[in-house]
Amino acid sequence: DVPKAKTLLADAGYPDGFALRIVTPQYQQLNLVAQALKQQWKQAGVDLQITDHANPNQYASDAFGGKFPAFMTSFGQIPIWMQGPSLLLPAAGFNPFRHADKQLQALFDRAARASGAEKDALDREVIGYVTKEAWFVPVVATTLQYYARKTVTGFQTSIKAPLLELTEITPAG
């Protein structure tokens, strides 16, 4: 929605758009996704300036070393209690600038201590908060496929628990 994006940018103080430097790797076609974003975002006024690294070590150094304000990455669907230490909290590997947000920390801490329906609600609050604050720009989501022979049992996934619990997989009786 280009008109809405332009309005949001203007409301945020960028009526003429802005340039955003980003680093991408050449694995999982993330560099190609960045090229598609560049074309789309230009319509709204965001000039995506892409540095594309074939060398994964150089990419990791630039992305996780805070040399760029943004980077393309692929990240699986994981529970909130894992997202904090991985993505959101100051010591998280995917938080190269070590940004600390007191409100997010408080939400995360409450979610980490909660259980049941309260935990589900707080997890949604955490996701809502990082979405509203635009911590990330999710571009694409794919399902995670699992295949097993009939001789394997003990695995189950759901939208709330999309990852296999490897310790529960056993040969069928």
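Contact, for this talk, means heavy atoms within 4.5 Å. Keep that in mind. The model is predicted.

Start with the overall layout. The protein chain has six helices and five strands. Along the sequence the pattern reads α-β-α-β-α-β-α-α-α-β-β. Of its 173 residues, 27% count as buried. Now take contacts between residues at least 6 apart in sequence. Of these, 52% join residues at least 24 apart.

Next, the cores. The largest nonpolar core has 13 residues. Which residues have the most contacts inside it? They are L88, L104 and V126. Helix 4 (80–88), helix 5 (102–113) and helix 6 (116–132) are the elements that give two or more residues to this core.

Look at V126. Leave aside its neighbours within four places in sequence. V126 is then in contact with I80, L88, L104, L107, F108 and A111. A separate core of eleven residues lies apart from the largest one. I22, A44, L48 and A70 are among its members.

Which residues of helix 6 are buried? K119, L122, D123, V126, Y129 and V130. Note that K119 and D123 are on that list. An α-helix has 3.6 residues a turn, so residues three or four places apart point the same way.

What covers the buried residues of helix 6? The cover includes helix 4 and helix 5. On the other side, A117, R124, T131 and K132 are exposed. Just after helix 6, A134 takes a positive phi of about 55 degrees.

Three strands form an open sheet, in the order 2-1-3. The pairing is parallel. Strand 2 (46–53) and strand 3 (70–71) stand at the edges. Each has a single partner strand, so one side of each is left without a neighbour in the sheet.

Strand 1, residues 18–25, pairs with strand 2 over eight bridges. In one of the pairings, A19 has D47 of strand 2 as its bridge partner.

Helix 3, residues 56–64, packs on this sheet. Helix 3 touches strand 1, strand 2 and strand 3. Its direction makes about 140 degrees with that of strand 1.

That's the tour. Questions welcome.

Definitions and conventions:
Residues numbered from 1 in each chain as written. Predicted model: local features only at pLDDT ≥ 70, side-chain atom pairs only at ≥ 80, totals over all residues. Heavy atoms only, no water. Core = buried A, V, L, I, M, F, W, Y, C linked by side-chain atoms within 4.5 Å. Buried < 20%, exposed > 50% of the residue type's maximum accessible area, 1.4 Å probe, protein only. Helix = DSSP H or I, 4+ residues; strand = E, 2+ residues; numbered from the N terminus. Pairing = 2+ DSSP bridges. Axes fitted to C-alpha atoms, helices over the stretch in contact; angles between N-to-C directions.
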